[in-house]
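Me: I'm new to this one. Could you pick a single part and walk me through it slowly?

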Amino acid sequence: MTTALILLPLIAGLIVGLAPLERRTTEGLALLAALVECALGVVALIQFDADKGTQFVTDKVWITDFLGIADVRFHVGMGGLSLFMVLLTAVGVAAAAATASWVGRERPRVYFALLLGLECALVLLFTARDIVLFYVGWEAMMIPLYVLIAVWGGEQRRRATLTFFIYTLIGSLLMLVAVAWVGIHGNSFQIDVLTGAGLDSTWPFLAFCAAFCIKAPLFPLHGWLPITYRQAAPETTALLSGVISKAGAYGLITIAIPLFAPNAVDLRWWFVGLALAGLLYGSLIAFRQPDARGVVAYSSLGQMNLIVIGIFASLPSTLHVIGGLSVPAGAANDNGITGAKFQMVNHGLVSLAAFLLIGLIELRCGTDAFKYLGGLANGRPVISTVFLITALFALAVPGSAVFVSELYILIGAFQFQALVGAAAACTIVLAAMYMLRWYSALVHEGDGPNVSPETPDLRLGELGIAAPLVLILLVLSAYPFGVMERLGGFG
């Protein structure tokens with residue numbers, strides 16, 4: 001199953017990119033492949049047993065005696081978190097492909113081939129149980145992203161691509177050095193083996209964390225985010241915020257912290273402090289943004305820092321020694337990490353919906369700047385309703401899945417340190433301010449200069465893009481523990 005989920009978008013991407021097909025056939029084939037990927041993910045979800053750990057495993061030797069250290073294995077499988085990250089990826093790419101088809105992107109063969117290649121790399125990354133294989137997925141993810149931003153981005157796309165490239169290159173090089181160090185000192189590249197190898201070194205831990213925190217991003221490593229989120233095509237921005245940022249948090253949870261537990265415990269306060277600063281900074285800056293993308297971009301920054309708080313708040317405060325190895329003396333709490341994982345899923349869906357909706361507004365009005373918009377609710381009941389539901393989820397209203405995940409993070413933060421919990425709770429309140437402003441500036445008041453009485457409501461095809469994302473959020477809100485019981489802890 002896992003191998004099929006990796007190969008399907010790769011094969012479909014090659015066919016779409018190389019076969020001389022007409023536009024409509026290219027778009028249809030790409031969307032069909034993305035929908036089949038979603039169907040396979042649902043089958044995996046139905047068959048997944050929450051009590052059996054990693055499942056759907058393929059484990060074969062890929063490179064024998066790599067660099068004279070150990071074998072590199074094509075070892076893939078899905079635990080609870082990786083399963084939902086694969087599902088999030090499948091849903092996100094399907095929504096992005098549908099949006100691109102509706103908009104009519106130029107050079108569709110290349111565009112959809114890159115989109116499917118990105119999906120293949122992400123699924124490989126989220127299912128890899130070998131750190132070299134994980135690194136291959138991490139780097140392969142970057143190639144289509146660079147091209148998607150550089151070719152189909154806005155007027156400042158070259159600057160955005162260069163900024164994104166520099167940040168990610170630094171992170172990738174640091175991770176490469178850390179992977180080599182881990183292989184040499186752990187005599188293996190297998191994540192399951194390395195987790196119990198007793199690795200204890202600050203600089204490789206920080207090297208992994210730097211790569212992951214750039215991608216999340218954790219404050220203050222977010223310098224690439226504002227221009228990239230604004231200049232990339234709406235579908236690319238939706239995937240950056242909704243899915244790709246989660247790869248950073250996923251790396252912290254499955255690689256950096258499990259492999260270097262003593263270092264993670266020693267430095268947890270630094271990460272919690274930076275994440276608190278990022279949560280406050282992102283929330284305050286989001287409130288002052290003049291455009292719809294800017295609000296959601298800085299909201300995403302704040303939410304990813306909240307996830308980091310949940311991750312590090314779950315670490316124990318002490319270690320004890322067993323058989324010469326430093327082992328965490330019991331988890332401090334499970335609430336923070338459970339909430340962080342669930343929030344990765346919830347925020348991913350909210351970000352996908354928000355950025356894709358903004359893209360549809362840009363298609364109608366030519367801008368997302370608040371001073372040119374407004375009044376979209378006037379005679380347009382569908383678009384105002386969908387925007388309202390999306391804003392309510394972003395607000396984490398009681399009863400929503402986002403409310404549950406944020407509540408668990410806050411409980412974990414209070415269990416870790418009451419002041420941390422109080423600070424995070426106060427900062428989250430700011431989300432109500434900037435999301436209400438976001439919604440009001442777009443749909444209330446009189447028609448803006450770029451909104452005319454002829455500006456159409458959401459069409460059926462556009463509703464088919466947004467409605468599934470909203471429906472999934474409603475299902476998660478009705479039964480959040482269906483996801484939470486499958487997520488597990490670290491690793």
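**The second largest pocket**

Reply: Sorted by class, the residues lining the second largest pocket are eight nonpolar, eight polar and nine charged (nonpolar means Ala, Val, Leu, Ile, Met, Phe, Trp, Tyr, Cys or Pro; charged means Asp, Glu, Lys or Arg; the rest, Gly included, are polar). Bear in mind that this is a predicted model, where local features need pLDDT of at least 70 and side-chain atom pairs pLDDT 80 or more, while totals for chains, interfaces and linings take in all residues. Numbering runs from 1 along each chain as its sequence is written, and side-chain values use heavy atoms, with hydrogens and water left out.

A pocket here is an open set of 1 Å grid points, over protein atoms alone, where a 1.4 Å probe fits, with protein on both sides within 12 Å along at least five of seven lines; lining residues have an atom within 4 Å of a point.

Along with α14, the helices α3, α5 (131–152), α9 (225–231) and α10 (234–259) each bring at least two residues. The space inside comes to about 470 Å³. Its lining counts 25 residues, and R105, G154, P234, R293 and E362 sit closest to the centre.

For contrast, take the largest pocket, at about 740 Å³. It has 28 lining residues, with C38, L87, V91, P468 and I472 nearest its centre. There α3 gives the most, nine residues, and the class tally is 23 nonpolar, four polar and one charged.

Note on methods: Points joined across faces, edges and corners; volume = space filled by probe spheres on them. Helix = DSSP H or I, 4+ residues; strand = E, 2+ residues; numbered from the N terminus.
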